[in-house]
Amino acid sequence: MNREIEGIYILWKRELLRFYRSKSRIIGSLGMPFFFLAILGTGLNNVFPMAGGGNYMQFIAPGIIGMVLMFGSIFSGVIVIMDRQFGFLKETLVAPISRLSIVLGKAFGGATTAVLQGVLIMLIALLLGAQIQFGNILLLLFFMLLISVMFVSLGIAIASMLEDMHGFQLISNFLIMPLFFLSGALFPLSSAPWPLSTASMLDPLTYGVNGLRFLLTGQSDIAFGTCLAVIGIFTAVFIGLAIFLFNRIED
Amino acid sequence: MKLSSGTAAKAIETNALSKHYNGLKAVDAISLSIDEGTIFGLLGPNGAGKTTLISMLVTMRKPTSGSAKVNGFDITRQADSVRKSIGIVFQDPSLDDELTAMENLELHAALYNVPRQERKERIEELVKLVGLEKHLKMQVKKFSGGMKRRLEIARGLVHHPKILFLDEPTIGLDPQTRAGIWDYIKKLNESEGITIILTTHYMDEADKVCQKAAIIDSGKIIAMGSPEELKNGLGGDIISIKCDAHEGCREKLAGLSWVKAVLKHDGILNVRVEKGEEKIPKLLALMEKNGVNVESVSLRKPSLDDVFLHFTGRTIREDEAKPADAMRLRRKFMRR
């Protein structure tokens, strides 16, 4: 047991080291959310209240944090493909630790780096004047971590089925973008036509964004308890799926 | 302590070990046993089944049928114990390029649960062995191919394995680096006493390093023994004649009482005889009488290449020239 924990720890540490080394990745990953906040957030700030929505910067900030968590996490998970392509995956696969530990180390490591990115963009949002408050920081960090573990697991599950990075564009355009737009990160979906609002209810990020919105602004369309429960269930399902699919990798 | 019944303890024992892929027998009922402490070579062309055999022994792939024991542990039922007893250097690089050499080694030590207080000392000892002590803090992506390979060898040893597997440890490296790698391997075997199992298709290098070797072709072992035994098994000397001899000429030579075997490939006749130096004039006279143009003649002792040629009727190099393999090699270089 001790051995497995040591394995999980060192794989977690590897993700952090790699994250720390790739400064360009960090800056790159914060570029898009920054412009969303700075341009979209500021630009629509005066239009949004006219539609009766209140302060737009305040509305969008939790959504953008959710986006950063999702992008960062799925990307960390999908990186398993590159580990496979560049051989490092073999080193872990033949080590005397279980595949479960490999998946967990990867998931916690990727999630930690995603939360770090989320915190960075939260600070940027504050600097840009978003009116967000930190009620319960521990609960906030826990919730962010949960969202991230959920999406890293989804990324690992997808990566386990792909041979190389060619499929990544597909994932990015047909999975990540719809999940983002349907999550209510940029506009409230409660008043959207029913196909959109229904689809939105099936999107795990919807619950992530609403939960974050509640924790950061005190108001949301969906009760926080529901958000937490749904994210918890999705996390369990995606971890299970990741472990199942990762187990099938032959080499 | 393992009990052995009179004979030396076995590092590896396989029993009709097989692996099939969609009906293709990549490894076809291989039975072999390897004594502890030897340097054992699995020789053969690309695609002969060497890597598949190794991946089963290191528990990466499950056999289709048959069984094997590594360090006394069954590869399917005791995979975890097998993994703890072995170190592996894969054919393709498997380091994390973003991390430093030290971080790669520490990661390995943790994955194999090497006690914390031992790690530093062990790592220092090993990097000295492979001559990388000055590059510990360098990111691996800045390493040359040879340095990466040496680091992988050191990494494979961090957890004190009983057996070290090296799959084509010198492929894609320049001759000087190759010689260096073989030196390290020999040194390791002497200083740490560990069993080394390697695959290679460089027969001359295998000849110098391996104490025992098995020649594999199409998933089967076609010959096994020490390089000396394998070469002496052919007997005599080999006279290589570069000439424009036709098939009839080869048959005529093969019919001579003092000729043991004649093989022809790439316009070269390899004639195996006893006391070769005395037979050269005879052969040349014969050639001239039959109007064959001789370009050059050389005399040598049989090499492992000749052993392979003898058993399969083709050279390893002919196999290498297949386009699919060339592609594979090219891909590998691109990845470096």
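Mentor: A salt bridge is a side-chain nitrogen of Lys or Arg within 4 Å of a carboxyl oxygen of Asp or Glu. By that rule, seven salt bridges are counted between chain B and chain A. One of them joins the side chains of A:R18 and B:D96, at 2.6 Å from N to O. The model is predicted, so that local features need pLDDT of at least 70 and side-chain atom pairs count only at pLDDT 80 or more, whereas totals for chains, interfaces and linings use all residues. Residues are numbered from 1 along each chain as its sequence is written, chains are lettered from A in the order in which they are written, and side-chain values use heavy atoms, with hydrogens and water left out.

Contact (heavy atoms within 4.5 Å) involves 32 residues of chain B and 24 residues of chain A. The area buried between the two chains is about 2,700 Å², and carbon and sulfur atoms give 55% of that area. Buried area here is the accessible area (1.4 Å probe) that two parts lose on being put together, summed over both.

On the side of chain B that touches chain A, the residues divide into 15 charged, eleven nonpolar and six polar. In this grouping, Asp, Glu, Lys and Arg count as charged, Ala, Val, Leu, Ile, Met, Phe, Trp, Tyr, Cys and Pro as nonpolar, and the others, Gly among them, as polar.
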